[in-house]
Amino acid sequence: MSKYGAYVKFTAKSGERETLADILLEAAEAIQSVKECEVYIINLSAQEPDAIWVTEVWSSAEAHKASLDLPDTKAAIARAMPLIEGVESIPVTPLGGKGL
């Protein structure tokens, strides 16, 4: 079974990046106990003042999809949605490297 990864770009509404980043960091903390999540890193864009990139690696695409139904995930999504201007997701297939 192949691992699933994604680079997800969240564009926050003007002035909301820090609040959105805090919610994503809380989500990263909540996902610590989900063994299928191997990497979940929150990154601020140095070039775009409203952009946040999330780097994710999961044991499978199914595990990632199932994580969206977790109560903590649903709560984070509900809190984050009013702060989000747009979302871009780039799915990838991780092959290996440091940290995997």
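Buried means under 20% relative accessible area, exposed over 50% and partly exposed in between, with a 1.4 Å probe and protein chains only. Helices (H or I, at least four residues) and strands (E, at least two) are DSSP runs, numbered from the N terminus. This is a predicted model, in which local features need pLDDT of at least 70, side-chain atom pairs count only at pLDDT 80 or more, and totals for chains, interfaces and linings use all residues. Residues are numbered from 1 along each chain as its sequence is written, and side-chain values use heavy atoms, without hydrogens and water.

Start by selecting β1 (4-12). Seven of its nine residues are buried, leaving the strand mostly covered.

Next, click on Tyr7. Its bridge partner in β3 is Thr55, and in β4 it is Ile90.

Now for the largest pocket, with a volume of about 580 Å³. A pocket is an open set of points on a 1 Å grid over the protein atoms alone, where a 1.4 Å probe fits, with protein on both sides within 12 Å along at least five of seven lines; lining residues have an atom within 4 Å of a point. The volume is the space filled by probe spheres set on the points, which are joined across faces, edges and corners. Select Ala27, Tyr40, Leu68, Thr73 and Ile77, which lie nearest the centre among the 30 lining residues.

Methods. Two strands pair if DSSP finds at least two bridges between them.
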